[in-house]
Amino acid sequence: MLGIIICVPLYAIAALVLGASITVGIFVFHVAVVPLIFKYSKTFRRHLIFANFAQWPLNVNYDSPAESGIEGARNFYIEYQSKVDKCPMKIGVWHILPKSSYERVKGSFECGDNEELNRAMDEDIISSKHPIILYCHGNSNSRAAYHRIQLYKFFQKMDFHTIAFDYRGYGDSTNVMPTEDGVVEDSLIVYDWLNTMLEPAKDRPPVFVWGHSLGTGISSHLLGNLKELSKNILQKVEPLKLPNGLILESPFNNLADEVNHHPLAVLVSWLPYFKEMFVSPFVGCPCHSFRSDEHLARETFLPVLVLHARDDLVVPHVVGEKLYQSIVKSRVNGGATIKLHSYDKNQNLGHKWICNAKDLPEVVGDFVSSHR
């Protein structure tokens with residue numbers, strides 16, 4: 001009996017010691033191991049930023065956009081030799097027709113003749129007076145993600161052409177680990193394809209680039225450096241023409257500030273070496289710094305519309321506002337219009353659902369019509 005009485009406290013003490021050991025282990029991992037991984041592992045940071053390991057939905061039939069809920073769309077690929085990764089690259093693209101165009105060529109979809117369909121859609125985009133949206137999506141998943149499908153439907157209802165594509169490492173594009181230069185190169189190639197398509201047009205339809213989340217960093221890098229990229233990557237004597245405008249949905253000013261203000265930063269921001277270990281790796285890293293504020297400061301004659309929800313928990317509104325202020329500051333001596341349209345928390349739009357905002361047709365419609 002005495003042995004049992006003695007053993008019970010011993011078991012309790014052992015459990016307490018084990019629990020304390022686990023707690024200490026977690027604490028050490030939290031304050032020592034994680035900061036070291038974050039600072040010194042570029043691979044870890046790249047996976048965290050691009051999150052292309054997350055591919056949802058599964059088993060997408062990219063050849064049939066209709067199976068993903070999009071009518072009036074075709075799938076095709078752009079193939080080229082990447083100067084960044086020095087390998088062949090294939091980029092998966094969807095071209096989605098405006099509502100009025102789809103109704104006119106609906107018969108081409110029903111007959112199942114892909115050659116005839118492609119010819120009809122090529123002719124439509126060349127002769128179209130409808131605005132064209134080149135969409136740069138954010139991290140994780142693919143061009144078939146549900147919230148992106150809802151945005152395409154908004155574009156279609158607005159009677160816009162939509163060009164949606166997947167960067168390297170996403171969807172059915174070439175499976176190469178993304179870097180900032182790599183995904184910007186992919187965007188440049190698709191933008192070049194679009195401009196080449198429009199060369200025969202007598203009256204070029206207005207073209208707008210729309211970036212969401214990480215796609216705002218990609219599109220800002222692309223357009224802020226279009227002259228240099230045209231020369232260095234495309235080897236063009238005459239640089240590509242700027243689009244009629246840039247629309248940034250849920251943007252950040254640079255990745256370092258995004259990390260600094262991210263809600264999860266509160267878990268480690270109390271550490272005395274927080275900035276050194278978690279923020280500084282994004283300041284000058286060429287693989288992933290996404291300095292949209294610096295890029296857009298170079299292109300003062302590009303009209304910009306910023307859309308941001310105040311209840312965005314992924315990219316806080318404060319970093320979108322910082323980007324807006326930096327663009328305004330770069331244009332104090334003149335330049336194109338820059339507008340920030342914020343959505344109140346009570347609208348519950350968060351990071352992905354500005355496409356559901358009641359006034360979005362008016363806000364986007366006014367911007368597009370003002371810069372045709």
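Q: Where is the place of Ile37?
A: Ile37 sits in helix H1 (residues 2-40). Helices here are DSSP runs of H or I with at least four residues, strands are runs of E with at least two, and both are numbered from the N terminus.

Q: Before going further, what kind of model is this, and how are things counted?
A: The model is predicted: local features need pLDDT of at least 70, side-chain atom pairs count only at pLDDT 80 or more, and totals for chains, interfaces and linings use all residues. Residues are numbered from 1 along each chain as its sequence is written, and side-chain values use heavy atoms, with hydrogens and water left out.

Q: Back to Ile37: which accessibility class does Ile37 count in?
A: Ile37 counts as partly exposed, at 33% relative accessibility. Buried means under 20% relative accessible area, exposed means over 50%, and partly exposed lies in between, with a 1.4 Å probe and protein chains only.

Q: Which residues make the nonpolar surface patch?
A: Ile37, Phe44 and Leu48 make a nonpolar patch of about 240 Å². Patches are made of residues with over 30% relative accessible area and no salt bridge; nonpolar side chains (Val, Leu, Ile, Met, Phe, Trp, Tyr) are joined within 5 Å, like charges within 9 Å. Areas come from the Shrake-Rupley method with a 1.4 Å probe, and for residues only the protein chains shown count as cover.

Q: Now the overall fold. How many helices and strands does the chain have?
A: The chain has 13 helices and eight strands. Of its 372 residues, 53% are buried.

Q: In what order do the strands form the sheet?
A: The order is S1-S2-S4-S3-S5-S6-S7-S8, in an open sheet with mixed pairing. Two strands pair if DSSP finds at least two bridges between them. Strand S1 (73-81) and strand S8 (338-343) are at the edges with a single partner strand each, so one side of each has no neighbour in the sheet. On average, neighbouring strands of this sheet are turned by 20 degrees against each other, direction ignored. Axes behind such angles are lines fitted to C-alpha atoms, for helices over the stretch in contact; angles run from 0 to 180 degrees between N-to-C directions.

Q: How many bridges join S1 to S2?
A: Nine bridges join S1 and S2, which run antiparallel.

Q: Which strands does helix H6 lie across?
A: Helix H6 (residues 180-198) lies across S1, strand S2 (88-96), strand S3 (132-136), strand S4 (161-165) and strand S5 (207-212), at about 115 degrees to S1.

Q: How many residues of helix H7 are buried?
A: In helix H7 (residues 214-224), 11 of the 11 residues are buried, so the helix is largely enclosed by the rest of the structure. Among them are His221 and Ile218.

Q: Changing topic: how many salt bridges are there?
A: A search of the whole structure finds 10 salt bridges. Each is a side-chain nitrogen of Lys or Arg within 4 Å of a carboxyl oxygen of Asp or Glu.

Q: What distance separates the closest N and O atoms of Asp122 and Arg74?
A: In that salt bridge they are 2.8 Å apart. The pair links distant parts of the chain, 48 residues apart, with Asp122 in helix H4 (residues 114-127) and Arg74 in strand S1. Asp122 is partly exposed at 24%, whereas Arg74 is buried at 6%.

Q: Which residues are linked with Arg168 in a network of salt bridges?
A: Asp85, Glu185 and Asp186 are linked with Arg168 in that network. Arg168 and Glu185 have their closest N and O atoms 2.7 Å apart. Arg168 lies in the loop between S4 and H6 and Glu185 in helix H6, so the pair ties together parts 17 residues apart in sequence. Both Arg168 and Glu185 are buried.

Definitions and conventions:
Contact means heavy atoms within 4.5 Å.
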